[in-house]
Amino acid sequence: MVGRPTKFCPELADAICSRMIEGESLRAICRDDDMPSAGTVLRWVGEGEREDADPDKQIFRNQYARATEARADYFAEEMLDIADDGSNDWMERRDADGKKVGWQVNGENIQRSRLRVDARKWNAARMKPKKYGDRMAIAGDDDSPLRINVKSWEGESGE
């Protein structure tokens with residue numbers, strides 16, 4: 001019996017990142033028998049951070065980061081689909097004889113949809129905080145530093 005792969009190869013890295021871009025979590029991907037464990041993948045990502053790392057692992061580290069950000073965009077699109085899907089929000093209501101008497105709200109389905117959207121919102125904000133995070137940046141960053149111009153202002157008395 002062949003075990004899970006533990007040796008890094010670019011083809012496996014590409015397969016993992018492609019599935020992440022399609023919205024799959026690393027845990028779900030790594031449940032497959034032909035995939036390495038999540039711990040192995042995260043070790044490869046960490047090894048790609050070292051200066052003396054295998055160049056393929058350095059490439060994978062960047063590829064993994066981009067796939068994570070792309071997954072945030074996938075979640076944003078998916079949230080719209082979930083929110084727009086009203087199927088099963090209403091249930092047929094029947095009396096004791098089984099006769100249809102109207103409709104009632106399916107609160108369980110609505111709450112589950114809300115939970116699905118909230119989970120994706122939370123994850124997207126952490127995967128791509130500049131785009132989906134809740135905070136607005138007041139300070140600048142390296143690319144566009146915050147500049148403050150202070151002008152003197154004299155009051156009405158001329159002081």
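Let me begin with phenylalanine 60, which touches Phe8, Ala13, Cys17, Val41, Trp44 and Val45, residues up to four places away in sequence being left out; contact here means heavy atoms within 4.5 Å. This is a predicted model, in which local features need pLDDT of at least 70 and side-chain atom pairs count only at pLDDT 80 or more, whereas totals for chains, interfaces and linings use all residues. Residues are numbered from 1 along each chain as its sequence is written, and side-chain values use heavy atoms, without hydrogens and water.

Phe60 also belongs to the largest nonpolar core, of 16 residues, and is among the members that touch the most others, together with Ile16, Met20, Leu26, Val41, Trp44 and Tyr64. Such a core is a set of buried Ala, Val, Leu, Ile, Met, Phe, Trp, Tyr and Cys residues joined through side-chain atoms within 4.5 Å. Two or more residues come from each of helix 1 (10-21), helix 2 (26-29), helix 3 and helix 4 (55-84); helix 1 gives the largest share, five residues. Helices are DSSP runs of H or I, at least four residues, and strands are runs of E, at least two, numbered from the N terminus.

I turn now to glutamate 47, in helix 3 (residues 38-47). Is this residue buried or exposed? Glutamate 47 counts as buried because its relative accessibility is 17%, and buried means under 20% relative accessible area, exposed over 50%, partly exposed in between (1.4 Å probe, protein chains only). Beyond its neighbours within four places in sequence, glutamate 47 is in contact with Ala53 and Lys57.

Finally, tryptophan 103 sits in strand 2 (residues 100-105) and, at 49% relative accessibility, counts as partly exposed.
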